[in-house]
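Please read them with the coordinates open.

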Amino acid sequence: MKTLRSVLVPSTHGLRGHDAVRSERVVRLMAPSFRISISAGLATERFGVGVASSRKKTRLVMAMQSGIEENAASSTSLPAAEVVATWRNAQAVCFDVDSTVCEDEGIDELAAFCGAGEAVAAWTARAMGGAVPFEDALAARLALFRPSAKTLANFLETRPPCLSKGIRELISKLQLTGRDVYLVSGGFRQMIAPVAAQLNIPSENVFANTLLFGDDGEFTGFDATEPTSRSGGKAQAIEQIKKEHGYQTLVMVGDGATDLEARRPGGADMFICYGGIVARPSVVAGADWFVTSFTDLIESLD
Ligand SMILES: [Mg+2]
């Protein structure tokens, strides 16, 4: 990431590190190579600037960039030749769904639909700071709004999937060139099914969690036997996919720490961090390739 210009912003502007880190819905970094510095006393932190957006609002946000400079410098615009070669050789590509294939986070949207958006968001913010096992975080957030089958059906009817820009073209190109495409998500199958249908991804290529309902359609929990319902589950699912199909080269694309975890021996051979919605510094830093647009990946297949 090149420094085109540095600007000193007084701390009275209130744009502190924690606020910026909490603002994670970066839809598009307006100028990925633009950096500014925020000075607070003797400490100066570097931030990237972007636009945060959801279905409801758009606002300017700043994402902390410390620690990603070296990585991003080589990955944002010009990935190493071997990285591109691995991408081109991929026999299977696994995509995260929330904030990658889709612009939003499914559980947040469903919670908001049920009137518990703020409570769930507050819980998520608290959980992010501690070592809360994924399954506990999932159970705690669902307990805040306990969606019924009817509520879920209403949600799906009124809120069609919001696909990220360029994802349809990318997945179509991967499929047309003989690569297998998977969706691997900590979200729910019932909400991902319409996404998979729009992208022509067969249901057997979807790894996700399942909401459970009782005879009267009341919420009873989630299927704890799904690997993606547990911490480390995505990596486990990726290993299962690779082993079962004997893929030589498998690439994971996502925005989160659990997506990055999937890049390990026996799992994903490469991790591409998609930062078009969210750019988490620690995830960007661990990526083989950081992109803010799927167009880069489409063009690199040629
Ligand atoms: Mg995600």
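**Notes on a loop and a strand**

1. Start with Asp98. Setting aside neighbours within four places in sequence, Asp98 is in contact with Glu105, Gly106, Ser185 and Gly187. Contact here means that the C-beta atoms of two residues, placed from the backbone, lie within 7 Å. Asp98 sits in the loop between β6 and α4. Helices (H or I, at least four residues) and strands (E, at least two) are DSSP runs, numbered from the N terminus.

2. A word on the basis. This is a predicted model: local features need pLDDT of at least 70, side-chain atom pairs count only at pLDDT 80 or more, and totals for chains, interfaces and linings use all residues. Residues are numbered from 1 along each chain as its sequence is written.

3. Is Asp98 buried or exposed? Asp98 is buried, because 23 other C-beta atoms lie within 10 Å. The cut-offs: buried needs 20 or more other C-beta atoms within 10 Å of a residue's own, exposed means 12 or fewer, and partly exposed is in between, with C-beta atoms placed from the backbone.

4. Asp96 lies in the loop between β6 and α4. Asp96 is buried, with 23 other C-beta atoms within 10 Å. Beyond four places in sequence, the contacts of Asp96 include Val253 and Gly254, along with Asp255, Gly256 and Asp259. Val184 and Ser185 are also among them.

5. The record has something to say here. In an unreviewed UniProt entry, the annotation "active site" covers Asp96 and Asp98. UniProt positions are given in the numbering used here, feature names are shortened, and annotations may be inferred rather than shown by experiment.

6. Which strands pair with β11? Strand β6 (residues 92-95) runs parallel to β11 and is joined to it by 4 bridges. Strand β12 (residues 270-274) also runs parallel to β11, again with 4 bridges. Pairing requires at least two DSSP bridges between two strands. Cys94 has Met252 of β11 as its bridge partner. Val251 stands opposite Met270 in β12.

7. Check two backbone angles. Ser99 has a positive phi of about 65 degrees, yet is not a glycine. Arg146, also not a glycine, has a positive phi near 35 degrees. Most residues other than glycine have a negative phi.

8. Arg146 counts as partly exposed, because it has 13 C-beta neighbours inside 10 Å.
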